[in-house]
Amino acid sequence: MGMYMHLLLLQYLVSSFMCNALAFVEEPTDKHAKSDGYCGRILRAQTQGTRRDGYNEFRLRVEGDPENYQPASIYRVTLYASSPSYFRGFTLIALKEGTEGTRDDHYAGKFQIIDEEDTQFMTNCPPAVTESTPRRRTRIQVFWTAPPSGSGCVILKASIVQKRIIYFQDEGSLTVRLCEKEAVFGETTEKPPPECCACGTAKYRVTFYGNWSEKIHPKDYPRRANHWSALIGASHSRSYVLWEYGGYASEGVKQVAELGSPVKMEEEIRQKGDEVLTVIKTKAQWPAWQPLNVRAAPSAEFSVDRTRHLMSFLSMLGPSPDWNVGLSAEDLCTKECGWVQRLDQDLIPWDAGTDNGVTYESPNKPTIPQERIRPLTSLDHPQSPFYDTEGGPITALARVLVERIARKGEQCNIVPDTVDDIVADIGQEEKEEDDTPETCIYSNWSPWSACSSASCDKGRRMRQRMLKAQLDLSVPCPHTQDFKPCMGPGCSEEEASTCMMSEWINWSPCSVSCGMGMRSRERYIKQFPEDGSICSLNTEETEKCVVNDDCYSIPCMLSPWSDWSDCSVTCGKGVRTRQRMLKSPDLGECTEELEQVERCMQPECPTDCMVSEWTEWSECNKSCGKGHTIRTRMVKLEPQFGGEPCPETVQRKKCKIRKCKRGSRASEERKRRRGGEVGGCKMRPWSSWTDCTKHCGGGIQERFMTVKKRAKNTPAQVTSCKDRKEIRACKVHPC
């Protein structure tokens, strides 16, 4: 009876508590009650309930602490308590500023549940998020999708319950105010127009600067084997998506993300046909970071046109489970019908959704079912190298610079190019027609000579090239000299007016690795003459360069590189190769490499269980009568990645030394257990059994009896007077 009254009292106290915490527990309502009315009661309860200032204990935070929201963008919202505080329940709601939450259109955006064991939507107030079960907790997280454009400012409010105290603020650490981000004219992150209206084509150079280093990202940094995979991407149309946040990784993206292999990704890109204009590729970088004066940043050039004006790429940071950086569908067409001149953007890592690892070197653990691509955050997992208890932004791992270097064809900008818009524009880059037969192999043209005239009379300049090989003697090889008109210094037309040029860009690498070669540099026109005259100053210079001048360079005529071979192994680490052919072996020995080898990675190989040799059979566990003896072997290597399981590790067989005399066996056993005199020897008692050598799958235990003192009148040669050991099997159940 006393227990029954105790339960009734407990039920009454819980009911009273839940009434006070109306913001967190749904009150019983009629099935047809309207949700907006119930939500209104929640808000009134929040403003009328028992409250306490929670500035120093609890906080509602939007990741990155933005002051504005981008319409339709997704944000991670966290509600947490500072140690040693905690909370049992909560309510989270987002309202348009100035509304009371009494109508459906008062709510802004939409919440998305991350962990159903921790959070759920309120049944009678669907816009609000609350706890799944009341229990002690220090943190919850949800996603919030910002409302569409034109929604104005939004107030995110949280109230929490701790014991009988409800915390809620109209302003302060449990309330966040976000206003819609205003569009900035010409901003590259602005949504592009439905169709690109630019004319002609534009040529770009993309340069990848990796900042992932032990100095900037010290936590768990992998000192060996850190690298960036080969960058792979394309300029493409809107109808093709290489990768995007919220989408699923293709097989090509998966192989880049997990193995660093761009082969499948390039195959997928090329299968898109006319939807792709240029495939973008750079080499892998081993190690991940080196100073720019030691290794130049990798770069590649690509083109865009009116229908294929988006640029996407990705590169894996390795080792990692499936982490990458990159750009997705970056639009290089402006709404003024021109081409973006320059894009400089920091890159944070993202997860491809194909592997569950949380550290750089986590073992392979496929994500089943596959998850969507998402950016990594500093609150993902405490073991993550990017984890931050405050949830701050991740320091950028890389930076990408996209520069326009040329335009071709007639341009149709609505707004004429400014000086800044022309900075990277080299011109039309129309190539001279080259009628050189394919059977004639020439060197590069030399730089133009000085003008033959020192006055304003017309003169000419000359350049030369060498005939390196004539593969078909019946086909003549044309001119090896070229001329163009010129005048002496101070006489050219462009010097009569102002033609503003940029500084020269750094010299390119020498064209050879040994001996004499050529290198070039470029500059561009920053401002044309005010009188409208043509600016014909050189935008490119070439000069001779020498690398290792003590070596003798022999001209080599080589075929293009073949495709990479298949990986040498079907699992684990292997190599792959590619070759090229020497076209002109008659010209002498060629020192250029004809074969290249690089590492490749396939899924981990199955590893079978390995066991040691059997031990000798143990002594019989009985001194007379029927007993048993055992032998064991140890597991040297557990099976991995689907390898063969381990065989038995304990074997047992019967043994019998001699028949026991009546009554002698029991007394002998008692002596063996207690110690005492056995076979003319005084023995110590048996020790305790040792711990089992295995937790499952069959192990062994041992115990020992040692000689205390040899009995009197016992001959020294009695061999039975010695230390004894017993062995028995244990934990034989399968693992």
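Strands here are DSSP runs of E with at least two residues, numbered from the N terminus, and two strands are said to pair if DSSP finds at least two bridges between them.

## How the model is read

Residues are numbered from 1 along each chain as its sequence is written, and side-chain values use heavy atoms, with hydrogens and water left out. Because the model is predicted, local features need pLDDT of at least 70 and side-chain atom pairs count only at pLDDT 80 or more, whereas totals for chains, interfaces and linings use all residues.

## The hairpin of β17 and β18

Strand β17 (residues 310-318) and β18 pair in the antiparallel sense over six bridges, and a hairpin joins the two through four residues. One of the residue pairs here is F313 with its bridge partner L327 in β18. Strand β18 (residues 323-331) is mostly covered, with seven of its nine residues buried; buried means under 20% relative accessible area, exposed over 50%, and partly exposed in between, for a 1.4 Å probe and protein chains only.

Strand β18 is also joined to strand β20 (residues 350-351) by two bridges, and these strands run antiparallel. There the bridge partner of W323 is D351 in β20.

## A strand covered on both faces

In a regular strand the side chains alternate between the two faces of the sheet. Strand β9 (residues 154-162) is mostly covered, and nine of its nine residues are buried. On one side lie V154, L156, A158, I160 and Q162, and on the other I155, K157, S159 and V161, all of them buried.

Strand β4 (residues 89-96) is joined to β9 by eight bridges, and the two run antiparallel, with F90 standing opposite I160. Strand β11 (residues 175-180) pairs with β9 in the antiparallel sense over four bridges, where I155 has R177 in β11 as its bridge partner.

A disulfide is a covalent bond between the sulfur atoms of two cysteines. The structure holds ten disulfides, each counted as a pair of cysteine sulfur atoms within 2.5 Å. Among them is the link of C440 to C477, with an S to S distance of 2.1 Å, which is left-handed with -95° about the S-S bond. This pair links distant parts of the chain, 37 residues apart, with C440 in strand β23 (residues 440-442) and C477 in the loop between β25 (467-470) and β26 (481-486). C440 counts as buried because its relative accessibility is 6%.

Another disulfide is formed by C567 and C600, whose sulfur atoms are 1.9 Å apart, and with 85° about the S-S bond this link is right-handed. C567 lies in the loop between β30 (540-547) and β31 (573-579) and C600 in strand β32 (residues 595-601), so that the pair links distant parts of the chain, 33 residues apart. Both C567 and C600 are buried. C692 and C730 likewise form a disulfide, with sulfur atoms 1.9 Å apart, and this disulfide is right-handed because the torsion about its S-S bond is about 90°. It links distant parts of the chain, 38 residues apart: C692 in the loop between β38 (681-683) and β39 (699-705), and C730 in strand β41 (residues 724-730). With a relative accessible area of 8%, C730 is buried.

## The cavity

The structure holds one cavity of 30 Å³ or more, and the largest cavity has a volume of about 30 Å³. A cavity is a set of points on a 1 Å grid over the protein atoms alone where a 1.4 Å probe fits but cannot get out, and lining residues have an atom within 4 Å of a point. Grid points are joined across faces, edges and corners, and the volume is the space filled by probe spheres set on the points.

The lining of the largest cavity consists of F208, S229, A230, L231, T282, K283, Q285, P298 and S315. These residues divide into four nonpolar, four polar and one charged, where Ala, Val, Leu, Ile, Met, Phe, Trp, Tyr, Cys and Pro count as nonpolar, Asp, Glu, Lys and Arg as charged, and the others, Gly among them, as polar.

Definitions and conventions:
On a 1 Å grid over the protein atoms alone, a cavity is a set of points where a 1.4 Å probe fits but cannot get out, and a pocket is an open set with protein on both sides within 12 Å along at least five of seven lines; lining residues have an atom within 4 Å of a point.
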